[in-house]
Amino acid sequence: MKTILVTGATAGFGAAFARRFVRDGHRVIATGRRVERLQALAEELGDSILPLQLDMMDRKAVDRFVDSLPADWRRIDVLVNNAGLALGLSPAWESDVADWDQMIATNITGLVHLTRAVLPQMVERNDGLILNLGSIAGDYPYPGGHIYGGTKAFVLQFSLNLRADLVGKNVRVTNIEPGLVTGSEFSVVRFGGDAARAAALYADKAPLTAEDIAETAAWLVSLPPHVNINRIEMMPTCQASSALAVKGK
Ligand code: NDP
Ligand code: 8X3
């Protein structure tokens with residue numbers, strides 16, 4: 001049984017990870033801002049869930065988080081840096097810089113601070129796994145992706161650079177880079193609560209599901225300690241990396 005810390009477990013991938021990890025016999029520290037959702041998860045999954053509120057934009061709370069855990073939950077075998085969001089899809093020059101700040105604070109600053117807090121115990125034990133949720137947005141640019149894509153490109157490069165520091169150690173880091181995925185609130189959040197606009201994005205398509213991402217994470221968790229999967233780019237068959245855009249006069 002492993003102890004797995006999942007950020008952003010109140011919805012989407014994070015909730016699917018929690019369900020899958022518990023099904024596989026692990027226990028999960030489930031975090032996020034909407035504590036009532038975490039409590040519902042704990043009621044559903046029982047003592048294998050430790051529900052704890054954590055806002056990834058609250059730098060002090062993130063820095064203190066590991067030390068504030070109950071003693072028997074403080075050993076973290078797997079960290080899943082999942083909490084994240086995209087806000088808006090308008091051109092950079094029309095975007096709200098407050099949205100930019102929130103994406104950077106959550107997807108980058110929160111992620112690196114929590115990673116820094118968890119890493120020492122993994123290095124000391126010479127054992128651990130960090131799963132970072134990147135995105136195809138960190139690999140391929142698209143209109144309106146600017147800051148979100150930039151944050152995910154950071155997450156990819158951070159993941160790869162961590163392994164450079166960790167070479168020779170059984171502390172593993174994988175960047176998971178999904179494309180179009182349904183079963184989460186991602187697009188509703190991106191479109192400011194416009195559920196109809198979000199639903200239109202997935203209509204008549206067969207995207208990946210949150211459970212597909214959880215299946216991948218479960219596989220990564222099950223691998224032997226000497227195996228590092230550096231990155232996984234995943235898309236549904238209804239999607240492929242696009243051709244370069246060329247605009248006429
Ligand atoms: P959801 O919107 O369904 O879930 C996002 C989770 O992040 C929620 O649990 C939310 O919890 C949490 N979160 C957001 N901001 C904060 C914060 N400040 N502090 C703590 N938790 C926060 O989206 P997904 O499940 O789809 O996304 C999960 C990850 O996967 C993200 O990093 C996303 O960028 C990435 N991703 C998503 C793809 C998709 O198409 N869905 C594709 C590729 C990558 P709460 O609001 O309760 O705090
Ligand atoms: C989410 C996938 O293509 O909407 O990270 O950016 S995409």
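Tutor: When residues are sorted by class, Ala, Val, Leu, Ile, Met, Phe, Trp, Tyr, Cys and Pro count as nonpolar, Asp, Glu, Lys and Arg as charged, and the others, Gly among them, as polar. This is a predicted model, in which local features need pLDDT of at least 70 and side-chain atom pairs count only at pLDDT 80 or more, while totals for chains, interfaces and linings use all residues. Residues are numbered from 1 along each chain as its sequence is written, chains are lettered from A and ligands numbered from 1 in the order in which they are written, and side-chain values use heavy atoms, with hydrogens and water left out.

Let us take ligand 2 to begin with. Around it (a residue is near if one of its heavy atoms lies within 4 Å) stand Ser135, Ile136, Ala137, Tyr142, Tyr148, Gly179, Phe186 and Arg190, and by class this shell divides into 5 nonpolar, 2 polar and 1 charged. In polar contacts, which here are pairs of N or O atoms within 3.5 Å, an oxygen atom of ligand 2 is 2.5 Å from a side-chain N or O atom of serine 135, and an oxygen atom of the ligand is likewise 2.5 Å from a side-chain N or O atom of tyrosine 142. Tyrosine 148 brings a polar side-chain atom to 2.6 Å from an oxygen atom of ligand 2. Taken alone, ligand 2 exposes 240 Å², of which the protein buries 81%; such areas come from the Shrake-Rupley method with a 1.4 Å probe.

Ligand 1 is surrounded by 28 residues, the closest being Thr10, Arg33, Tyr148, Ser184 and Glu185, and its shell holds 12 nonpolar, 11 polar and 5 charged residues. A polar side-chain atom of arginine 33 lies 2.6 Å from an oxygen atom of ligand 1, while a polar backbone atom of asparagine 82 is 2.8 Å from an oxygen atom of this ligand. Taken alone, ligand 1 exposes 870 Å², and the protein buries 96% of that. Helix H1 (12-23) and helix H5 (146-166) are the elements that give two or more residues to the shell around ligand 1; helices here are DSSP runs (H or I, at least four residues), numbered from the N terminus.

Conventions
A polar contact is a pair of N or O atoms within 3.5 Å; within protein, one must be able to donate a hydrogen and the other to accept it, and residues adjacent in sequence count only if both atoms are side-chain atoms.
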